[in-house]
Amino acid sequence: MKRIAVIILLTIAPLFSYGQDIFDKYEDDDKVTFVAMQPKMFQMLGKMSVSSDDPEAKEFFKLVNSITSFKVITTEDGTISKDVGTWVTKRLKSSAFEELMRVRDGDSNVKFYVKEGKDDDHVKELLMFVTGIKEQNIEINGKKMETVLLSLTGDIDLRSISKLTQKMNLPGGDQLGKAGDGN
């Protein structure tokens, strides 16, 4: 009986590792730049005082308050880039993501995917996947990035999200701004 239990456990163990979040997998990898902000950080940002005379700042903090999770991984490592691409493909097939937009410029590809929110202007999750940017000379800590994966979760207003990506100087912020404006 123990032998059967061990065989079953060994058989289903790969299923649990298959579902591992790509962000968790590479969080401590030296070949990856990893950023994660949790709900408490967004609560703290939302409590910062905002000048009543600055409508752009108010809009930015309103957006920040709607986000519950922000995760980014970037890498120049080809093997990790391929793994991230495989994870994105599997995630898109197994979840209710819809392609929002894609932009190709030379070898660079920027793709935006969303999970539907409470209405057409809001999403539960936004996934941005950027590949082929090594030749664009985008550097982080002296490394030329090949792949960027960004995940935002919360009650996200698509009309405002481009402001966050632009303020953080992330690849794809300009393209997302165009998508959020309905262009």
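# Exercises on a predicted model

In helix H5, the buried residues are Ile 80, Ser 81, Val 84, Gly 85, Trp 87, Val 88 and Arg 91; buried means under 20% relative accessible area, exposed over 50% and partly exposed in between (1.4 Å probe, protein chains only). Helices (H or I, at least four residues) and strands (E, at least two) are DSSP runs, numbered from the N terminus. This is a predicted model, where local features need pLDDT of at least 70, side-chain atom pairs count only at pLDDT 80 or more, and totals for chains, interfaces and linings use all residues. Residues are numbered from 1 along each chain as its sequence is written, and side-chain values use heavy atoms, with hydrogens and water left out.

**Exercise 1.** Work out where the buried residues of H5 lie around its axis.

*Solution.*
1. An α-helix has 3.6 residues a turn, so residues three or four places apart point the same way.
2. Seen down the axis of H5, the buried residues fall within an arc of 165°, so they line one face of the helix. The arc is that of the directions from the helix axis to the C-beta atoms.
3. On the face turned away from the buried side, H5 carries the exposed residues Thr 79, Lys 82, Lys 93 and Ser 94.

**Exercise 2.** Classify the aromatic pair formed by Phe 23 and Trp 87.

*Solution.*
1. Rings of Phe, Tyr and Trp (its six-membered ring) pair if their centres lie within 6.5 Å; planes under 30 degrees apart count as stacked, over 60 as edge-to-face and the rest as tilted.
2. The count by this rule is one aromatic pair.
3. The ring centres of Phe 23 and Trp 87 are 6.0 Å apart and the planes stand at 80°, so the pair is edge-to-face.
4. Phe 23 belongs to helix H2 (residues 22–26) and Trp 87 to helix H5 (residues 78–94), so the pair ties together parts that are 64 residues apart in sequence.
5. Both Phe 23 and Trp 87 are buried.

**Exercise 3.** Describe where Glu 59 is placed and how exposed Glu 59 is.

*Solution.*
1. Glu 59 is in helix H4 (residues 55–66).
2. With a relative accessible area of 30%, Glu 59 is partly exposed.
3. Glu 59 and Ser 160 are 101 residues apart along the chain, and their C-alpha atoms are separated by 7.5 Å.
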